[in-house]
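Morning, everyone. Please look at the structure on the screen, and I'll walk you through a few spots.

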Amino acid sequence: QITSCGGTFPYQTTPEFFQVLHHIMPMSYSVDSIRHIINSQNYNIIYGDVYRMIIYLALALVSIIGIAAYKRYRLKNKKLPNKI
């Protein structure tokens with residue numbers, strides 16, 4: 001994510017693949033909001049970046065809960081061999 005987020009150098013100078021990833025990866029929004037906190041007083045951009053990061057967090061939590069429920073269901077219904 002560090003290459004596509006523009007944390008070390010501008011993402012516009014990277015190959016096209018990383019420029020596409022810049023708008024998908026969540027770290028780019030955190031780097032963008034930190035830059036706006038340091039350089040400007042435009043809090044609307046910061047709020048938008050925070051909302052996007054909250055959406056990524058919510059999607060990750062829903063995915064984790066779904067995977068855990070699926071694994072628990074599979075483990076519960078799995079027939080264990082009887083070893084004596």
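Is Arg52 buried, partly exposed or exposed? Arg52 is partly exposed, because its relative accessible area is 39%. The cut-offs: buried is under 20% relative accessible area, exposed is over 50%, and partly exposed is in between, with a 1.4 Å probe and protein chains only.

Before going on, the ground rules. This is a predicted model, where local features need pLDDT of at least 70, side-chain atom pairs count only at pLDDT 80 or more, and totals for chains, interfaces and linings use all residues. Residues are numbered from 1 along each chain as its sequence is written, and side-chain values use heavy atoms, with hydrogens and water left out.

Back to Arg52. Its salt-bridge partner is Asp49, with 3.5 Å between the closest N and O atoms. A salt bridge here is a side-chain nitrogen of Lys or Arg within 4 Å of a carboxyl oxygen of Asp or Glu. The whole structure has one. Asp49 is buried, at 3% relative accessibility. Both residues sit in helix α4 (residues 43–77), three residues apart, so about one helical turn separates them. Helices are DSSP runs of H or I, at least four residues, numbered from the N terminus.

Next, helix α3, residues 27–39. Its 13 residues, at 1.5 Å a residue, should span 18 Å. That expected span is 1.5 Å times one less than the number of residues. The end C-alpha atoms are 18 Å apart, so the two agree. Buried in α3 are Ser28, Tyr29, Val31 and Ser33.

Last, His22. This residue lies in helix α2, residues 16–22. His22 is buried, at 11% relative accessibility. Beyond neighbours within four places in sequence, His22 contacts Ser4, Cys5, Tyr11 and Ser28. Contact means heavy atoms within 4.5 Å.

Conventions: Helix = DSSP H or I, 4+ residues; strand = E, 2+ residues; numbered from the N terminus.
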